[in-house]
Amino acid sequence: MSDSIVIIPTYNEKENIANIIHKVFSLSYPFNVLIIDDGSPDGTADIVKQLMTEYPNQLFIEERSGKLGLGTAYIHGFKWALQKDYEYIFEMDADFSHNPEDLIKLREACVNGADVAVGSRYINGVNVVNWPMGRVLMSYFASVYVRFITQIDIQDATAGFKCYRKKVLETIKLDKIKFVGYAFQIEMKFTAIKHGFKVVEVPIIFTDRTAGTSKMSTKIFKEAFWGVIEMKIRSWFRKY
C-alpha cells in the first residue's frame, strides 16, 4: 500500500474526474486516491466506481448524501485516511486548478521536514492563470487580511492544495474545526501553526478550471471574512 493518499472532494465533476485520476496514477510516485462525492447528480461517482475496477488497490470512494461542504468532506477523508494509517495525506481539487505533478513537490517538502506543505500561489509573486483580475485581487488581499488578523506568516492563507503529515491530523481535534467553506483552509493552517507544527509554502502555478463549474459563492466568502475574526477570538480561550 502507498504511504500517500490524495483526497479529492467532488460535486458534479464528470468532465474532470477520470482525467485527474488517470493523471495522478501516471506520476512517478505511487499515490492512492480517495474521492469524497457529495451525491453528484451528474454521475461523477459512477465514473469513479467504473475506474475502481482498473485501479482496485489505489482508488477509493466515499459517497455522502447531498452537498455538506468542503470542510466536512475533507474531515471525512482525513478520518478515513488516519484509520488506514497513511503517513502523507493530501488535499487537491478535481478540476486541474492544482497540477497533480506538484504532489511530488509537496510530498518531498514533508519528507524533508515540513509538517504541512502548502501549494502556494503567492510565495513567489502572483502565480495564477485564467483568473479575472478582480478575483486575483480578492484572493491575494484575502491572504493579506488573514495575516493581519491572525498574525500567521502564510502568504497563501486560503490555499487548498496541501500535504499533511499524519501526526498533524492526529493532533488537531478535527471535530472542533468549525468552518466548511474556504474558511476551512484558513482554520486548518491556523490550528496547525498554533499547535507548533512547521508549515512550509511550496510555489505552484494555479490554473483556473476549464471544465465544470466553480463552487465559489457569496456565502462562502462571508464565512471566510467574518470567520477569521471569530477564529482568532476563540483562540484566546483555547489551549493548543
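Which residues have the most contacts inside the largest nonpolar core? They are Phe-78, Ile-89 and Met-188, in a core of 39 residues. This is a predicted model, in which local features need pLDDT of at least 70 and side-chain atom pairs count only at pLDDT 80 or more, while totals for chains, interfaces and linings use all residues. Residues are numbered from 1 along each chain as its sequence is written, and side-chain values use heavy atoms, with hydrogens and water left out.

**Nonpolar cores**

- A nonpolar core is a set of buried Ala, Val, Leu, Ile, Met, Phe, Trp, Tyr and Cys residues joined through side-chain atoms within 4.5 Å; buried means under 20% relative accessible area, exposed over 50%, and partly exposed in between (1.4 Å probe, protein chains only).
- Leaving aside neighbours within four places in sequence, Ile-89 is in contact (heavy atoms within 4.5 Å) with residues including Ile-5, Ile-7, Phe-78 and Leu-169.
- Another core, of 31 residues, lies apart from the largest one and includes Ile-17, Leu-103, Ala-114 and Val-202.

**Sheet**

- An open sheet of 7 strands has the order β3-β2-β1-β4-β7-β5-β8, with mixed pairing; two strands pair if DSSP finds at least two bridges between them.
- Its edge strands, β3 and β8 (199–203), each pair on one side only.
- Strands β5 (residues 116–120) and β8 run parallel and are joined by 5 bridges; Val-118 has Glu-201 in β8 as its bridge partner.
- Helix α7 (residues 183–194) packs on the sheet, where it touches β4 (88–91), β5, β7 (162–165) and β8.

**Helix α2**

- Thr-44, Ala-45, Val-48 and Leu-51 are buried in helix α2 (residues 44–52).
- Seen down the axis of α2, these buried residues fall within an arc of 120°, so they line one face of the helix; the arc is that of the directions from the helix axis to the C-beta atoms.
- Their cover includes β1 (4–10), α1 (17–25), β2 (32–37) and β3 (59–63).

**Positive phi angles**

- Most residues other than glycine have a negative phi.
- Asp-85 counts as partly exposed because its relative accessibility is 48%.
- Gln-151, in the loop between α5 (133–150) and β7, has a positive phi near 65°.
- Gln-151 counts as exposed because its relative accessibility is 61%.

Notes: Helices (H or I, at least four residues) and strands (E, at least two) are DSSP runs, numbered from the N terminus. Axes are lines fitted to C-alpha atoms, for helices over the stretch in contact, and angles run from 0 to 180 degrees between N-to-C directions.
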